[in-house]
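Have a look at the model first, then read on.

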Amino acid sequence: GAKVSLMGADLSEARAAGCKLDASALDGVRADASIWVGASLQASSLTKATFIRADFSEAELAASTFHFSVMKQANLSRAKLGAAKLTKVDLFQSLLQGADLSAADCRRSNFFGSDFTQTITTHARFERSNVKRTLLAGQR
């Protein structure tokens, strides 16, 4: 089971930098403008949640599920999202510079205007996603 259940909680503007919430349930949370810098939420469930302008830079999010979440203008720079499920997620104008999306499932999501500079996308899936106006400069 989940370590912690915060399902449906209002975490708007929460300061959760460095927190350890692996294998936790955050489904349906509202966490706009929240700070998760360096936090660990590996194998956690964050479905149907709202993280508009949230900062997940350098967060450990491997194998987490963000299905149907709204993450417009979120900062996921250098976040580790290997094998994460980011299906039907709205990541409009999000920052993904240097993030690790290895084997992530990003199908049917909106990445319009997002920055993928130096993002690792090996084996990631983007079928039926909106990748218009993204910055896709890969690693050299």
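Trp-36, Phe-51 and Phe-56 touch the most other members of the largest nonpolar core, which has 35 residues. Keep in mind that this is a predicted model. As general background, nonpolar side chains in soluble globular proteins tend to be buried together.

**The core and its aromatics**
- Trp-36, Phe-51 and Phe-56 also turn up together in one aromatic cluster, with Phe-66 as a further member.

**Ring pairs**
- A pair of aromatic rings is described by the distance of the centres and the angle of the planes.
- Counting pairs with ring centres within 6.5 Å, you get nine aromatic pairs.
- One of them is Phe-51 with Phe-56, an edge-to-face pair at 5.2 Å centre to centre, with 75° between the planes.
- Phe-51 is buried at a relative accessible area of 0%, and Phe-56 is likewise buried at 0%.
- Phe-92 and Phe-112 have their planes at 5° and their centres 5.8 Å apart, so this pair is stacked.

**Buried or partly exposed?**
- Where does the Phe-92 ring's residue fall, buried or partly exposed? Phe-92 counts as partly exposed, with 27% relative accessibility.
- Phe-112 is partly exposed too, at a relative accessible area of 22%, because the buried class stops under 20%.

Note on methods: Residues are numbered from 1 along each chain as its sequence is written. This is a predicted model: local features need pLDDT of at least 70, side-chain atom pairs count only at pLDDT 80 or more; totals for chains, interfaces and linings use all residues. Side-chain values use heavy atoms; hydrogens and water are left out. Rings of Phe, Tyr and Trp (its six-membered ring) pair if their centres lie within 6.5 Å; planes under 30 degrees apart count as stacked, over 60 as edge-to-face and the rest as tilted. Buried means under 20% relative accessible area, exposed over 50%, partly exposed in between (1.4 Å probe, protein chains only). A nonpolar core is a set of buried Ala, Val, Leu, Ile, Met, Phe, Trp, Tyr and Cys residues joined through side-chain atoms within 4.5 Å.
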